[in-house]
Amino acid sequence: MADGLGPAIVFAEIYGEAVNPPSPVPPVIVADQNTPIPVSASITDEGSGVANAALFYRPGGDVNFQEVQLTEATSTSTYTGTIPGAAAQAEGLEYFLEATDASGNRTRVPSAGIYAPSARIPGPCLTRSFQGDTTASCY
């Protein structure tokens, strides 16, 4: 029997930045190119319990999302996973989280759309000067 509600998902940490208080919206991050991005979320379901939690990501320009199963830290409701460093490229990165409870109810965060952090490109890069002596570099 379905309880009608999907699991509650709130971000606990992403890329080493704690989310205080936990929020359904991750902090704005700038990920280093080719560096794995750890993601941590508190996922709970008061009805039938969390059956599955996953992170879906794709490098910028890709059509299909890749799935990474999130694993629960021993009965803490904190689920963790890592976006592979190869996905963090200059073309960008997109991701979302999804959890399903034992009754088959599903929650997706964000409910529509995707999250898209910026990628920091290491090494020498192009800069552009603007009026007022400000510059923009390779982000």
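P7 is found in the segment that comes before strand β1 (8-14); strands here are DSSP runs of E with at least two residues, helices are runs of H or I with at least four residues, and both are numbered from the N terminus. Keep in mind that this is a predicted model, in which local features need pLDDT of at least 70, side-chain atom pairs count only at pLDDT 80 or more, and totals for chains, interfaces and linings use all residues. Residues are numbered from 1 along each chain as its sequence is written, and side-chain values use heavy atoms, with hydrogens and water left out.

Residue S40 sits in strand β4 (residues 37-44). Buried means under 20% relative accessible area, exposed means over 50%, and partly exposed lies in between (1.4 Å probe, protein chains only). Contact means heavy atoms within 4.5 Å.

| Residue | Relative accessible area | Contacts, leaving aside neighbours within four places in sequence |
|---|---|---|
| P7 | 3%, buried | I43, T44, D45, V50, A99, T100, D101, N105 and T107 |
| S40 | 12%, buried | F11, A12, E13, T78, Y79 and T80 |

**The open sheet**

Now for the sheet. Four strands, in the order β6-β5-β9-β10, form an open sheet with antiparallel pairing. Two strands count as paired if DSSP finds at least two bridges between them. At the edges are β6 (66-69) and β10 (106-109), each of which pairs on one side only. From one strand to the next, the twist averages 25°; for such angles, axes are lines fitted to C-alpha atoms (for helices over the stretch in contact), and angles run from 0 to 180 degrees between N-to-C directions.

Take β9 as your guide through this sheet. Strand β5 (residues 50-59) pairs with strand β9 (residues 93-101) in the antiparallel sense over nine bridges. Here, F56 has F96 of β9 as its bridge partner, and P59 stands opposite L93 in β9. Strand β9 is mostly covered, with eight of its nine residues buried.

Strand β9 also pairs with β10, again in the antiparallel sense, over four bridges. In this pairing L97 stands opposite V109 in β10. The two strands, β9 and β10, form a hairpin with four residues between them, and G104 in the turn has a positive phi of about 90°.
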